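User: I would like to go through a structure with you. Please keep the answers plain.

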Amino acid sequence: MMDHSRLIPPTLDSMTVADIAARMTADGLAAAHAVTLFRALHSDLPGDLSATPLPPPLARWLAAQPAPLVSHVEQAGATSSDDGRTMKWLLRLADEQRIETVMMGYPGRRTACLSTQVGCAMGCVFCATGQMGFVRNLTPGEIVAQALFVACRARETGGDRLRNLVLMGMGEPLANFDAVMQALAIIADPRGLNIGPSRISISTAGHVPGIRRLACQPRRYRLVVSLHAATDEERTALVPINRRWPIADLMDACREYAARQQRRILVAWTLIAGQNDRAEDARRLVSLVRGLDVQVNLIPLNLTDGYAGATAAAADVTAFQRLLLDAGVPATIRQRRGIDVAAGCGQLAVSDCT
Ligand code: SF4
């Protein structure tokens with residue numbers, strides 16, 4: 001599959017301080033200017049380099065760099081939930097592709113839900129993004145630019161800092177592994193957004209090679225695995241990528257991640273009425289995760305136009321949770337956030353954000 005993100009020229013916001021320094025020294029400019037530029041790109045007025053006074057040698061070097069200097073991420077629409085605590089933006093990229101980014105407000109802090117691809121190839125049947133198919137990967141700069149965009153909006157709308165990131169927006173993050181890791185290294189830098197790995201969750205539909213690569217990373221990100229079913233037949237019906245990486249391989253990769261990273265894995269389980277919300281489903285899930293340090297997050301299905309399944313009844317959600325807890329498996333029920341603006345899990349797709 002052709003990845004059109006490779007045709008997009010590298011921008012300065014796709015680079016770490018070390019990358020920028022290497023480029024400067026190759027041009028005969030002192031590497032010390034790299035920190036000045038990085039701060040200008042990633043803090044007070046991100047992207048607006050003209051508003052930042054820069055030392056003349058750095059300004060001359062910048063003027064000689066090929067355009068564009070930073071990723072083009074332009075607001076094309078915005079909606080906010082009825083309670084005002086969730087905002088969703090439609091963002092237009094340089095090639096006119098569009099993505100969605102979400103900000104969730106909690107007391108004293110904000111969390112951004114970022115996209116990592118335009119569309120998605122995983123094809124989860126209940127997911128609006130999966131229903132639109134894969135278009136292209138995002139560049140590191142386009143991922144960083146979403147975080148900066150939300151950080152600015154957080155400051156404008158109440159002053160809370162952007163503290164946490166979840167990579168649960170459009171796309172499968174582990175299928176765009178190198179760009180995601182580069183973006184997160186930039187986002188973690190204390191001279192920029194300063195959001196470290198312990199505050200970042202990476203969600204996967206079960207991309208086994210990506211989980212194994214994540215297991216070997218020096219940075220310990222939180223892994224979220226969308227399981228949704230405990231038999232291959234049922235899981236393949238919901239998450240078609242299960243044909244390629246069946247449950248046994250997925251659980252092996254999770255065990256490798258847990259052993260190497262020593263971090264609890266979050267298991268996401270979307271509850272669909274009559275399909276995976278029965279007592280036997282809960283018991284199978286308990287057997288599957290036995291011996292693994294996990295927390296199960298139960299998500300009553302968020303409805304999308306392209307999927308006919310129904311949300312599990314509240315009583316069945318509670319009963320499912322009780323079964324897990326009684327078996328010693330920590331389980332929570334996800335707060336339903338942003339459902340009225342289609343910003344809930346599985347609802348992101350470029351649509352009606354105006
Ligand atoms: S749930 Fe995630 S991995 Fe599955 S199709 Fe949607 S965006 Fe892709």
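User: Which residues does Val296 touch, not counting residues up to four places away in sequence?
Analyst: Val296 touches Val267, Trp269, Leu285, Leu324, Val329, Pro330 and Ala331. Contact here requires C-beta atoms, placed from the backbone, within 7 Å. Please note that this is a predicted model, in which local features need pLDDT of at least 70, side-chain atom pairs count only at pLDDT 80 or more, and totals for chains, interfaces and linings use all residues. Residues are numbered from 1 along each chain as its sequence is written.

User: Which residues touch the most other members of the largest nonpolar core?
Analyst: They are Ala147, Leu165, Ile187, Val267, Trp269 and Val296, in a core of 86 residues. A nonpolar core is a set of buried Ala, Val, Leu, Ile, Met, Phe, Trp, Tyr and Cys residues joined through C-beta atoms within 7 Å. Buried means 20 or more other C-beta atoms within 10 Å of a residue's own, exposed means 12 or fewer, and partly exposed lies in between, with C-beta atoms placed from the backbone.

User: Which helix gives the largest share of this core?
Analyst: Helix α5 (residues 140-156) does, with nine residues. Helices (H or I, at least four residues) and strands (E, at least two) are DSSP runs, numbered from the N terminus. A second, separate core of nine residues includes Met15, Ile20, Phe38 and Leu41.

User: Changing topic, what is the strand order in the sheet?
Analyst: The open sheet has ten strands in the order β1-β2-β3-β4-β7-β8-β9-β10-β11-β12, and its pairing is mixed. Two strands pair if DSSP finds at least two bridges between them. The edge strands, β1 (73-80) and β12 (331-333), each pair on one side only. On average, neighbouring strands of this sheet are turned by 25° against each other, direction ignored; axes are lines fitted to C-alpha atoms, for helices over the stretch in contact, and angles run from 0 to 180 degrees between N-to-C directions.

User: How many bridges join β4 to β7?
Analyst: Four bridges join strand β4 (residues 109-113) to strand β7 (residues 162-167), and the two run parallel. Ala112 stands opposite Leu165 in β7.

User: And why is β10 described as largely enclosed?
Analyst: Six of the seven residues of strand β10 (residues 265-271) are buried, so the rest of the structure largely encloses it. Three bridges join strand β9 (residues 222-226) to β10 in parallel, and Ser226 has Ala268 as its bridge partner in β10. Seven bridges join β10 to strand β11 (residues 294-300), also in parallel. Val267 stands opposite Val296 in β11.

User: Which residues come nearest to the ligand?
Analyst: Of the twelve residues around the ligand, Cys120, Cys124, Cys127, Gly130 and Ala205 come nearest. A residue is near if its C-beta atom, placed from the backbone, lies within 6 Å. The shell has six nonpolar, five polar and one charged residues. Ala, Val, Leu, Ile, Met, Phe, Trp, Tyr, Cys and Pro count as nonpolar, Asp, Glu, Lys and Arg as charged, and the others, Gly among them, as polar.

User: Is His228 buried or exposed?
Analyst: His228 counts as buried, because it has 28 C-beta neighbours inside 10 Å. Its phi is near 70°, a positive value in a residue other than glycine. His228 is placed in the loop between β9 and α8 (232-238).

User: What about Gln262, buried or exposed?
Analyst: Gln262 is exposed, with 9 other C-beta atoms within 10 Å. Gln262 also has a positive phi, about 55°, although it is not a glycine.

Key. Two residues are in contact if their C-beta atoms, placed from the backbone, lie within 7 Å.
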